Amino acid sequence: ILTFKRCVMLNGINVAAQKGDLLDRAILISFSTIEQEKRKTEAQLNQEFEKEKPKLLAGFLQVISKALELYPTINCNLQRLADFSKYGCAIALALGKNQTEFEQAYAIKVEQQNEEALNADPVALSIIKFCSQEVKGQKLGTLDKQLTDCWEGQPSELYAKLIVTAQQLGIDVKAKEWPRSPNALTRRINMVAPAL
């Protein structure tokens, strides 16, 4: 069992994390390309940073001390990263914002990360397509006119249906990313379930 007390940062041109369980514990930050006229050398950046460092440090310490003071009084909707949510609300208040602004921004970020995870997974894409085609409004039985938003069946039945759906989407079901059996499909569904 390993315990980590420090943040881990992943860096890449494309999204470095695509698995739902990792994205669930991550905060993605995207940067745009720096325009030609705004580019600087490392020496220029260091010189400007050294000049601003006292103000940056003072501002950082003021916000953190205020946030730590407010933290015990924060009552918020806890997300997957519960402590991060609570500290985020405290920091938002310390910056003169309101708690709702942080919660909304964080919820949008989580939604974007879920979309990222779903779009990177062929099984998730197939499940979404399958549900939109076959599950929504499916009749429970021939005599029952009530509609349902669920599908029931054996894993082998779902596996066969998802293969057809994946092929409709142009997904190569012979590729290594596609599960080889119904029980492998079940494991993959468990992996994408949080994002779904």
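This is a predicted model: local features need pLDDT of at least 70, side-chain atom pairs count only at pLDDT 80 or more; totals for chains, interfaces and linings use all residues.

Me: How much of the chain is buried?

Reply: Of the 196 residues, 23% are buried.

Me: Is cysteine 76 buried or exposed?

Reply: Cysteine 76 has 15% relative accessibility, so it counts as buried. Cysteine 89 counts as buried too, at 1%.

Me: Where does cysteine 76 sit, and what does it touch?

Reply: Cysteine 76 is in the loop between helix H2 (42-70) and helix H3 (82-94). Leaving aside neighbours within four places in sequence, cysteine 76 is in contact with Ser85, Lys86, Cys89, Gln99 and Glu103.

Me: Tell me about Gln99 then. Which helix is it in?

Reply: Glutamine 99 lies in helix H4, which covers residues 99-119. Cysteine 76 and glutamine 99 are 23 residues apart in sequence, with their C-alpha atoms 7.9 Å apart.

Me: What does the side chain of glutamine 99 reach?

Reply: The backbone oxygen of asparagine 75, at 2.8 Å. Not counting residues up to four places away in sequence, glutamine 99 touches Ile74, Asn75, Cys76, Cys89 and Leu93. At 18% relative accessibility, glutamine 99 counts as buried.

Me: What about asparagine 77, buried or exposed?

Reply: Asparagine 77 is exposed, with a relative accessible area of 55%. The residue is found in the loop between H2 and H3.

Me: Which residues is asparagine 77 in contact with, leaving aside neighbours within four places in sequence?

Reply: Ser85 and Glu103. Ser85 and Glu103 are also among the contacts of cysteine 76. As for cysteine 89, its C-alpha is 9.8 Å from that of asparagine 77, and the two are twelve residues apart along the chain.

Me: Let's change topic to helix packing. How do H5 and H7 cross?

Reply: The axes of H5 (residues 122-135) and H7 (residues 182-192) come within 9 Å and cross at roughly 85°. That makes H5 roughly perpendicular to H7.

Me: Which residues make that contact?

Reply: H5 brings Pro122, Val123, Ala124 and Ile127, while H7 brings Leu185, Arg188, Ile189 and Val192. By class, that is seven nonpolar, no polar and one charged residues.

Me: And what's the angle between H6 and H7?

Reply: About 80°, with the axes of H6 (residues 155-168) and H7 9 Å apart. So H6 is also roughly perpendicular to H7.

Me: Who's in the contact of H6 with H7?

Reply: From H6 there are Pro155, Ser156, Leu158, Tyr159 and Leu162, and from H7 Pro182, Leu185, Thr186 and Ile189. These divide into seven nonpolar, two polar and no charged residues.

Me: I keep hearing Leu185. Buried or exposed?

Reply: Leucine 185 is buried, with a relative accessible area of 1%. This H7 residue is part of the contact with H5 and of the contact with H6.

Me: What does leucine 185 contact, leaving aside neighbours within four places in sequence?

Reply: Val123, Pro155, Leu158, Tyr159, Leu162 and Pro179. Leucine 185 and tyrosine 159 are 26 residues apart in sequence, and their C-alpha atoms are 6.9 Å apart.

Methods: Residues are numbered from 1 along each chain as its sequence is written. Side-chain values use heavy atoms; hydrogens and water are left out. Axes are lines fitted to C-alpha atoms, for helices over the stretch in contact, and angles run from 0 to 180 degrees between N-to-C directions. Helices (H or I, at least four residues) and strands (E, at least two) are DSSP runs, numbered from the N terminus. Angles under 35 degrees count as roughly parallel, over 145 as roughly antiparallel, 65 to 115 as roughly perpendicular and the rest as oblique. Contact means heavy atoms within 4.5 Å. Ala, Val, Leu, Ile, Met, Phe, Trp, Tyr, Cys and Pro count as nonpolar, Asp, Glu, Lys and Arg as charged, and the others, Gly among them, as polar. Buried means under 20% relative accessible area, exposed over 50%, partly exposed in between (1.4 Å probe, protein chains only). A polar contact is a pair of N or O atoms within 3.5 Å; within protein, one must be able to donate a hydrogen and the other to accept it, and residues adjacent in sequence count only if both atoms are side-chain atoms.
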